[in-house]
Each structure stands twice: as structure tokens, then as C-alpha cells.
Amino acid sequence: MFSNEKNSAAKLWFVTAVFWLLLGMSLGLTTAIKQISPDFLNYQITTYGHIRSSHVMLVIYAWLSMAYVASMLYMIPKLARTTLYSEKLGNVSAVLYNIVMLEGFVSLLMGQTSVIEYGEFPVWVDVQVILVLVLVAHNIFKTIAQRQEKVLYVSIWYFLGSLLWLPLTYIIGNLPASWYPSGTEQALAGWFLGHNAIGLWMTTVGVGQIYYLLPKLTGRPLYSHELSMIGFWTIATFYVWNGPHHLMNGPVPGWILKAGIIPSLLLLIPVWTVFHNFFATMKGAWHKVKDDVTLRFVVAGSIFYLMACIQGPLQALPSVSSLVKFTHWTVGHAHMGPLGAFSFTSFAAGYYMIQQITGNEFWSKKLQEAHFWFSTIGFLLFSFSLWTAGIIQGFAWIEGKSFLDTVLMVRPYVIARAIGGTMLIAGQFLFAFNIYKTFKAKQSSVVSEGNAVATA
Amino acid sequence: MEKKPSLVLLVAFTLFIVGVIGTVILPYFDGEINEPTANAEARNYKVDSAEARGREVYIQNGCQTCHTQFVRSVQADINQNLGPATAGGDYKYDLPHLMGSNRTGPDLMWVGTRWNESWQRQHLIDPQSTSPGSIMPSFAYLSEQEMKDLIAYLMSLKPADAKPK
């Protein structure tokens, strides 16, 4: 039942990830519509809170994380000059992970939530998430152990670290509520998870993807291996300390907040290393961006990553936080990393892998172009409207306007956000259709080759 | 190190643990956030009381995805008259915590001081009738028992020294 064919595991993880991408983003759009028209789909199962929670959990742990696993299953054997330790195990774990995500989705719709943001699945689902992640990590560590290439390319460093950090981070934030000595302690552990799901998983695997794809797509070697190492170790050192800035100006003592602010600012170091490396590698290859959609997604994703990382440390400052915290700004910022930066690099990884696996170009270059422009323009419209709405709201609260007034005054921006979101989703449906057609074309070419051989 | 994945993992693990100790374990020893305040005691609901059941209704219907329970001593919260800034110890028994991260709706930390039961019921059933233009959905689908419990919970959200109504 489970295939042992080369790259079949990477393919299964990615194709099913795209299914969750469509579902997860549709839930996001539903959330956006409900903020305009609260009666839209207002039943107990599909009440606002259930849809929003499912959206957050599915885009992160289903779509993005599964696209990440697919990327690692494909890229690591290449970098290690070996084959995947077990394609069969890779396929089995893909099926199991899909089942676990479905369980998580259903339990959120039924109102079972452990409340912690980025850790909302109930404990019985969390346990299964960890078990499947351990299967994946086992498969990848075994692959690295049997490598023919002794020197570890920087992407492998990032992947190794991420596979260690994600399960640990996930456990720290997801312990049963009664195990924490107080709500404030739980909030610290919860934001440890909330921030490091981004910092030590989404960012680190995403940067690994960038470092893999950039040399492949530009045909130029990575500018500096040392610089990427500095980036890796500074992320490993400083990112873990960032959780407390989510409780800025809140109910925790000053020393904890300072322990959160200073590392947040120091994060500019790894961001700078990625950027210097990025621009120096791209030098002389910029003309390729015009024709190569895959490379263009890497470039756009990297630029959104820079933007997210300029916002992040600033928002960790008490003064800036006191204006933007709890407003729409936060939501705009929260989409920068997982969507703008790392969904984009994952789209690029998907295009690259599928072309390599099938040995064919994509079915439609026009659809690829449309996917890029719908995604980029949609995302910019989406995020700029939320940032603007957030700043308006922040100042209106300071002026002491009634809360309801501050909701009504940002309505045009909330509508613009939904329009941007609609464009984004339209782009993803084109992406999915293009993938389907590309595999279909491959299948029929294999069949006709088979017939040709048979009749010869 | 470039040839030793186990060493990379070991150092990565060590740095991770240092961060966990700094931001998750050390706060455990800080009395300021772990000593219950009077407000915390006021929210230490008895098992299966209406308030405790109402808190479950609040969680199951995702109220925390739109409403914070987190008042800061910053201009925005002071000028919005949200009530006293919350202290770490206020959340001693608030498990899972409901601090939230986004105010799609207003903060509810001390909402029990702002409205009475009948307003809450009317607002939950038909938000437009009390707050025209509101983007809160109706919770008319709740059972009578759930509605009663939820209102009891909301009404309990007030400072310990607030005058009883």
C-alpha cells in the first residue's frame, strides 16, 4: 500500500499540504468575512472562534509544516548525496499526520480547545502530533547518518536544529493547563511556544529552504558559508528568549520583559546575515527573476522576511507595543512570517521539487505567473490594510473613543483585508490546479511511453 | 563541527535549554506572579459552580479569540476606562489563562462592573440591539443553562473590592 518509490514521500507530503493550504486559507477568509458580516455562517460549529482557531492551527501545522517536511524529505537526501532512509516510513508518517490534522480540525470545530495560541489542539491531539513528528525526525536523522557527503551544508544545520526544537517547543507550551502553577506562568510557557513555533521552526526551516534554492535557481554558489553559520547560531541563541515580549506592559515583572526585549533587538543580527548573503548571492542574477517564477517567490519571500524582522524588534519595545498591541496591526504582523515570508518560500520549494520529481516543466507558466501576482498583490493589500487599521485603532483608543466607534471607523480597511485575502486564495487555487495538471501530464506521458515500448 | 551533526544538535539543544530556563523556569520562582491576589481568590471558582461552568462555555465558544482579559497601565487602556491594570497574581487560578492577544471586541477583565445580567443576555442573543453596528455574532444558539452559566461568569469578572451590586 505504501510506496517505496524515490521522492514519493516528499510528493505525498507536499500534495496533501496543498489541500490544507486551500482549506486553511478558506477558513481565514471566512474569519475575515465574519468581521464584516457577523451573521455569516453563524452556527455553533462554525462560530467565529472555532473558525479562527482552525484557520491558525491548520495553516501553521498542516499546510506550512507539511510543506516543510516535504522540502526536508526532498532536499536532505540531495545535500547528503544519499537516498531517504525510508520512503515507506515517510509515506506512512504522511498519512498519519493527515489523520492527526483532521482530528485537530474536528476537535476545534466541536469547541475542544486548549486555548493557547499556536497550541490550540487539545492534549490528546498534541500527543499524536509529537509522535508523528518523532517518526519524521527519525527518518531524517537516519538519512543524515548514512550520508556520503561528509560536510554538512548550512541548510542541513537549519533542518537538524528545527527538527529538534519543534517537538520540544510544542511540548513546553502544550502541557495540560493544570500542570502550570499559575495562569501567568502558563502564558509565559504558551508564548514561548507561540514565538518559537515561528522562530525555531518556521523561520529556521524557511531559511534552510532559501539557502538551498538560491544557489540552485541562480546557478551561483552561496556567497558566504561562515555568515550563514553566524546566522544559525545567533538565531539559536537569541530567538528562544523572545516569548516574554508578547506580554509587554503586562502582568509580569520588569526583569522578564527585559529578558524578552534585548534578545528581540539582537535578532537583527541573524536577519542581517541572511540578507547580506541573499543580496550578495543574487548579485549578477537579478535578471533571472523576470522569467523564473520560482526564483521570484524566493526573492519576494526573503523581502517579506526582512520586513517582518524589522517590525518584530520594534514591536517588542514597550512604547511601540503600547500603541499597536491588541489592534489589527498584530494580525497583519502575524501573517508576515508564516504567509508572506515562508509560505512564499514553500511555494518556490513546491515548484522546484515538482519540476525535479516529474522531470517536466510546469503545465502552465501563465498560471504560475498568475499565482505569483495574485499572492503578492493580495498579500500586500491584506497586510497594508491591517497595519493601517491597527494604527488608527491604536490612536483612537488612546484618545478614549468608545470601543464600538473604533470598530466602525476601521471597517473600510477590514473590507480591503477581505478583498486582499480573496485574491490570495484565488492564487492558491490556481497553484493547486497547476500542480494537478502537471502530475496528470506526467502520468499520461509515462503511459504513452509504456505503450510505445509495448508496441515496438 | 561541520562534519558532526550530533555536535550541532547538542549545542543547539543546550542553547534552547538556556532560553527555557531564562523565560519559563526562572519566573516560577518569582513571587510576584505566583502569589494569588484578592482578585485571584475572587475568581477561584468552586468546581461545578455556575461561574466555573460559564467559564467553560466562554472557552468552548472561543470568546477568547476576540476578547482579551489583560489590562495594562498604558494610555490606551487607561483612556478606555478598562479598570485597574492586571497583576501577575490575578491569574493564579486562571487556567487555562484567557489573556488573549487581539481586541476584535473590548477587554473583558472587569466586564462585570460595566453591565447587568439582563443587558448581557440581550447582548448575547442579539448584539445589534444593544450595540448597533457591532461585529459580534449572536450566541442565541446556546442552551438556557449555558446562557445562564456564561452570564454568571461574565458578571463575576470584577475587582475583589468592587461594591456588590
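## Buried residues of helix H7 in chain A

In this predicted model, the buried residues of H7(A) are A:Leu227, A:Ser228, A:Met229, A:Gly231, A:Phe232, A:Trp233, A:Thr234, A:Ile235, A:Ala236 and A:Phe238. They make up 10 of the 14 residues of H7(A), so the helix is mostly covered, buried here standing for under 20% relative accessible area.

The cover over these residues comes from both chains. Chain A contributes helices including H5 (154–174), H6 (183–218), H8 (254–266), H9 (268–282) and H11 (293–315), and chain B contributes helix H1 (5–25).

H7(A) runs over residues 225–238. From its first C-alpha to its last, the helix reaches 20 Å, close to the 20 Å expected at 1.5 Å a residue.

## The largest pocket

The largest pocket holds about 870 Å³ of space. It is lined by 43 residues, and those closest to its centre are B:His67, B:Gly105, B:Pro106, B:His123 and B:Met136. Two or more lining residues come from each of helix H2 (48–79) and helix H15 (403–409) of chain A, and from each of helix H6 (117–125) and helix H8 (144–156) of chain B.

H6(B) gives the most to this lining, with 4 residues. By residue type, the lining of the largest pocket has 21 nonpolar, 19 polar and 3 charged residues.

## The second largest pocket

For the second largest pocket the volume is about 350 Å³. Its lining consists of 14 residues; A:Glu5, A:Ser8, A:Lys11, A:Ile357 and A:Phe439 lie nearest the centre. Helix H1 (8–34), helix H13 (328–358) and helix H16 (411–455) of chain A supply at least two lining residues each.

The lining of the second largest pocket divides into 3 nonpolar, 7 polar and 4 charged residues.

## Cavities

The model has 5 cavities of 30 Å³ or more. The second largest cavity contains about 160 Å³ of space. Among the 15 residues that line it, A:Val115, A:Ile116, A:Glu117, B:His97 and B:Gly100 are the closest to its centre.

H2 and H6 of chain A are the elements that give two or more residues to the lining of the second largest cavity. That lining is made up of 5 nonpolar, 7 polar and 3 charged residues.

Definitions and conventions
Residues numbered from 1 in each chain as written. Chains lettered and ligands numbered in written order. Predicted model: local features only at pLDDT ≥ 70, side-chain atom pairs only at ≥ 80, totals over all residues. Heavy atoms only, no water. Expected span 1.5 Å × (residues − 1). Buried < 20%, exposed > 50% of the residue type's maximum accessible area, 1.4 Å probe, protein only. Contact = heavy atoms within 4.5 Å. 1 Å grid on protein atoms, 1.4 Å probe; cavity = no way out; pocket = protein on both sides within 12 Å on 5 of 7 lines; lining within 4 Å. Points joined across faces, edges and corners; volume = space filled by probe spheres on them. Nonpolar A, V, L, I, M, F, W, Y, C, P; charged D, E, K, R; others polar.
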